Amino acid sequence: MAKLLSVNNLSVHFSTGNGIVKAVDRISYDLNTGETLGIVGESGCGKSVSALSLLRLIPNPPGKIVGGEILFEGRDLLKASKEEICDIRGNKIAMIFQEPMTSLNPVLTIGQQVAEPLMVHQQMKKKQAAAKAVKALKKVHIPDSGMRLADYPHQFSGGMRQRAMIAMGLTCAPKIIIADEPTTALDVTIQAQLLTLMKQLTVETGAALIIITHNLGIIARYADRVNVMYAGRIVEKASAADLYKYPKHPYTIGLMASVPKLDQDVKARLQPIEGQPPDLADLPEGCAFHPRCRHSIEQCRVNAPPLRTISDDHEIACWVDV
Amino acid sequence: MSEKENNNLLEVKAVSKFFPVHGGFIFKRKLGDIKAVDRVSFQIKKGETLGLVGESGCGKTTTGRLILNLEKATHGTIRFDGKDITRPGKKENRVLKKEMQVIFQDPFGSLNPRMTVREIVGQPLIIHRVTTGRAEYMQKVDYLLEIVGLNPAMADRYPHEFSGGQRQRIGIARAISLNPRFIVCDEPVSALDVSIQAQIINLLEKLQEEFGLTYLFIAHDLAVVRHISDRIAVMYLGNIVEVASRADLYNNPHHPYTRGLLSAVPVPDPEVEAKREQFVIKGEVPSLMNPPKGCKFHPRCPRALPICHEKSPLLLQQTDAGHWVACHNI
């Protein structure tokens with residue numbers, strides 16, 4: 001598979017009242033054409049920030065991309081001019097945001113919002129763009145899509161708004177679609193509908209999909225490869241099949257043992273990860289996970305472990321072999 | 001449901017809650033009712049956990065609030081320990097508050113930000129005059145905090161100084177402060193991080209064993225509900241559509257909605273996922289203002305018969321093991 005995007009040593013820092021928060025700390029990963037990458041982690045682990053920085057959507061101040069490079073189609077997105085990045089946003093790399101309630105503009109009709117990327121990026125006339133928007137809405141199964149074009153977001157249900165977001169993201173046939181917790185705010189039956197739809201549409205267009213979520217089940221169902229993040233760093237990188245079969249990082253192992261599963265024995269107590277996720281402004285020395293880790297050794301308290309390859313396409317950031 | 005054994009702690013019989021909807025600008029007209037809970041019946045045995053699952057707006061939280069008398073039932077009766085508590089008097093209500101408590105979903109909104117943890121956890125003790133004297137009060141609060149896994153030294157801090165998981169522990173300490181027999185857990189873990197959820201679930205299980213508590217566990221996460229519940233009731237648009245023991249419901253779901261709900265939840269294992277039957281429910285949840293005629297699920301149901309458009313099915317017992325289903329086409 002061809003390499004489509006590669007992120008090298010990306011760091012994003014936020015300056016806050018409590019000092020500098022390293023929301024994303026030297027992460028590197030690649031994305032191939034047509035694959036689905038899952039980024040999984042708990043709130044505050046930097047998964048959303050790492051995705052937002054791909055499109056340079058980090059609010060500055062307080063946030064700042066302090067280092068690294070993001071190579072896409074042979075150029076570094078971090079060095080691209082404003083015009084260049086605007087040309088990429090929504091056109092070659094599209095984003096589907098978390099909350100369909102707040103990420104649509106309430107004073108514009110759905111039609112205007114779905115047609116906008118076409119008019120901006122493909123210089124379509126209004127009529128032409130509207131016709132294409134109807135098709136796009138039809139593709140995401142919005143009934144009477146021609147008539148619903150004139151509706152405002154508040155006239156849509158949560159699930160339909162998210163469908164409209166997906167339609168908007170896909171209109172320009174982007175190479176990469178980033179879905180940031182695309183279904184967290186929705187009910188489970190709608191969740192399944194939308195993710196299946198999204199996966200199906202990306203398979204049709206050959207786009208790569210990045211799914212950001214805290215739900216290990218969603219990753220298992222839809223992703224080909226997975227990055228596990230903790231406190232701003234990638235702690236484990238593997239193919240989905242490998243990760244679930246042979247999780248190697250203590251955090252990943254802990255995460256998997258702590259979620260109840262529909263297909264497991266019931267009376268067994270869950271094995272939680274003890275302690276609390278760390279405060280990013282006040283990270284522990286060494287490996288950020290060591291205070292909660294059962295396997296920590298002296299070295300973990302002193303040095304943060306770098307990613308190391310343990311088998312084909314499987315890397316972990318841990319000093320210990322668990 | 002005809003079980004006449006008297007080990008039921010809670011009996012809910014044909015309980016409904018209608019919220020009137022008004023319209024018009026000057027002259028408020030009643031436009032109709034939102035049937036948030038519509039003739040719901042179930043029992044909970046002593047020491048048991050009943051899971052109540054459903055999507056948002058299906059009436060699961062309202063059901064919990066009806067039991068706690070935070071909401072007045074429009075029809076039906078609720079019995080607690082054999083006594084009718086549907087419309088309790090003031091005195092009776094006070095006694096009931098000692099017997100049943102609640103743990104709320106949002107650990108950020110359900111604690112008063114201007115009270116210290118000691119005041120939050122200790123307030124029920126003062127209101128119900130459980131402790132005599134300051135020393136006993138302090139001791140009891142320390143003891144409660146210790147039980148839920150918090151350091152009593154932190155008792156004089158304010159809620160904002162705690163993380164979500166710790167706040168939920170404070171809420172739990174408050175709920176058990178009066179030694180209740182019954183607790184409504186309204187989505188107690190859905191606002192928490194994955195690694196913290198397991199801590200809280202284990203705590204709830206430990207408390208149940210220690211104090212012989214009975215739970216009504218309301219949640220939308222089927223995996224969590226399956227883990228903690230003995231029996232499970234599935235709600236859809238104000239009706240219970242299926243009740244069964246945990247094993248029955250998950251291994252042999254009868255109602256098409258339950259089957260769809262189960263298949264919508266992904267299992268965190270790609271190999272299992274690839275083999276699972278995918279049964280996607282089409283469409284969206286209809287509005288409660290204007291629910292479909294007949295069976296409320298029929299517009300989304302893959303197995304709907306002509307009768308489903310006309311008559312709403314009754315919740316009928318299918319097996320002796322207590323598997324109840326409301327469907328015309330099983």
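## A sheet in chain B

Two strands pair if DSSP finds at least two bridges between them. Strands here are DSSP runs of E, at least two residues long, and helices are runs of H or I, at least four residues long, both numbered from the N terminus. In this predicted model, local features need pLDDT of at least 70, side-chain atom pairs count only at pLDDT 80 or more, and totals for chains, interfaces and linings use all residues. Residues are numbered from 1 along each chain as its sequence is written, while chains are lettered from A and ligands numbered from 1 in the order in which they are written.

Strand 1 (residues 8–23) of chain B runs antiparallel to strand 2 of chain B, and twelve bridges join them. One of the residues paired in this way is B:Val15, whose bridge partner in strand 2 of chain B is B:Val40.

Four strands of chain B form an open sheet in the order 2-1-4-5, with antiparallel pairing. Strand 2 (29–45) and strand 5 (83–84) of chain B each have a single partner strand, so they stand at the edges and one side of each is left without a neighbour in the sheet.

## Chain A overall

Chain A has eleven helices and twelve strands. Its radius of gyration is 20 Å, close to the 20 Å of the globule rule for 322 residues, so chain A is as compact as a globular protein of that length. The radius is taken over C-alpha atoms, and the rule is 2.2 Å times the number of residues to the power 0.38. Along the principal axes, the C-alpha atoms of chain A fill a box of roughly 65 × 50 × 40 Å.

## Two helices that cross

In chain A, the axes of helix 4 (residues 126–139) and helix 6 (residues 158–170) come within 9 Å and cross at roughly 125°. Axes are lines fitted to C-alpha atoms, for helices over the stretch in contact, and angles run from 0 to 180 degrees between N-to-C directions. Helix 4 and helix 6 of chain A are therefore oblique to each other. Angles under 35 degrees count as roughly parallel, over 145 as roughly antiparallel, 65 to 115 as roughly perpendicular and the rest as oblique.

A:Ala136, A:Leu137 and A:Lys139 in helix 4 of chain A meet A:Ala164, A:Ala167 and A:Leu170 in helix 6 of chain A. Contact needs C-beta atoms, placed from the backbone, within 7 Å.

## Where the chains touch

34 residues of chain B are in contact with 38 residues of chain A. Helix 6 of chain B gives the largest share of chain B's side, six residues.

Notes:
Contact = placed C-beta atoms within 7 Å.
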